[in-house]
Amino acid sequence: MCTLDAKDFVSELMRAPERLVKISQMPEEERRGAIRALGYGFTSRELDDYICYYADMLRDDLYLGEGDFRDIIMKKWGNCLG
């Protein structure tokens, strides 16, 4: 099975976020397993690095409500990836 990376994760979040939104609503200790079950294999550091590197592009393409989108993503998903 191919392991999906942080870029794939952000792409899914932009295209069709339904599965990931459901995961973000789970208790933090359950999120990692749910993300891994979808085939994603990145770490919180890899997610943070990708978001920081593409911050300007993502800010235009990915609206997540008020606040810094990087902080929102890392709070919802990054903390549980270890």
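1. The protein chain averages a pLDDT of 81, and 82% of the residues score at least 70. Helix H3 (residues 28–37) has the highest confidence, with a mean of 91, while helix H5 (residues 55–61) has the lowest, at 68. Where pLDDT is low, the predicted coordinates should not be read in detail. Please keep that in mind when you look at H5, given its mean of 68.

2. Now the overall layout. Of its 82 residues, 35% count as buried. The chain exposes about 5200 Å², and carbon and sulfur atoms supply 50% of that.

3. How much of the contact pattern links residues 24 or more positions apart? Taking the contacts in the protein chain with a separation of 6 or more, such pairs account for 66%.

4. Two packed helices are described by the angle between their axes and the distance between the axes. For helix H1 (residues 6–15) and helix H4 (residues 44–53), the angle is about 65 degrees and the axes are 9 Å apart. H1 passes H4 in a right-handed crossing. On the H1 side the contact is made by Ala-6, Lys-7, Phe-9 and Val-10, and on the H4 side by Glu-46, Leu-47 and Tyr-50. Sorted by class, that contact has 5 nonpolar residues, 2 charged ones and no polar ones.

5. Stay on H1 for Val-10, which sits in this helix and takes part in the contact with H4. Is Val-10 buried or exposed? It counts as buried because its relative accessibility is 1%, and the cut-off for buried is under 20%.

6. Glu-12 is another H1 residue worth a click. This charged side chain belongs to a buried residue, since the relative accessible area of Glu-12 is 6%. Which residues does Glu-12 contact, leaving aside its neighbours within four places in sequence? They are Pro-17, Arg-19, Leu-20 and Tyr-40.

7. Next, go to the other end of the chain. Trp-77 is in the segment after helix H6 (69–76), and at 4% relative accessibility this tryptophan counts as buried. Not counting residues up to four places away in sequence, Trp-77 touches Phe-9, Leu-13, Leu-20, Ile-23, Ser-24, Ile-35 and Leu-47. Two of these, Phe-9 and Leu-47, also belong to the contact of H1 with H4. Trp-77 and Glu-28 are 49 residues apart along the chain, yet their C-alpha atoms are separated by 8.3 Å.

8. Last, a loop residue. Thr-43 is placed in the loop between H3 and H4. Thr-43 counts as partly exposed because its relative accessible area is 30%; Trp-77, at 4%, counts as buried. The C-alpha atoms of Thr-43 and Gly-78 are separated by 7.7 Å, although the two residues are 35 apart along the chain.

Terms used: Residues numbered from 1 in each chain as written. Predicted model: local features only at pLDDT ≥ 70, side-chain atom pairs only at ≥ 80, totals over all residues. Heavy atoms only, no water. Axes fitted to C-alpha atoms, helices over the stretch in contact; angles between N-to-C directions. Helix = DSSP H or I, 4+ residues; strand = E, 2+ residues; numbered from the N terminus. Left-handed = near helix turned anticlockwise from the far one by under 90°. Contact = heavy atoms within 4.5 Å. Buried < 20%, exposed > 50% of the residue type's maximum accessible area, 1.4 Å probe, protein only. Areas by Shrake-Rupley, 256 points an atom, 1.4 Å probe, with all protein chains shown as cover. pLDDT = per-residue confidence, 0-100.
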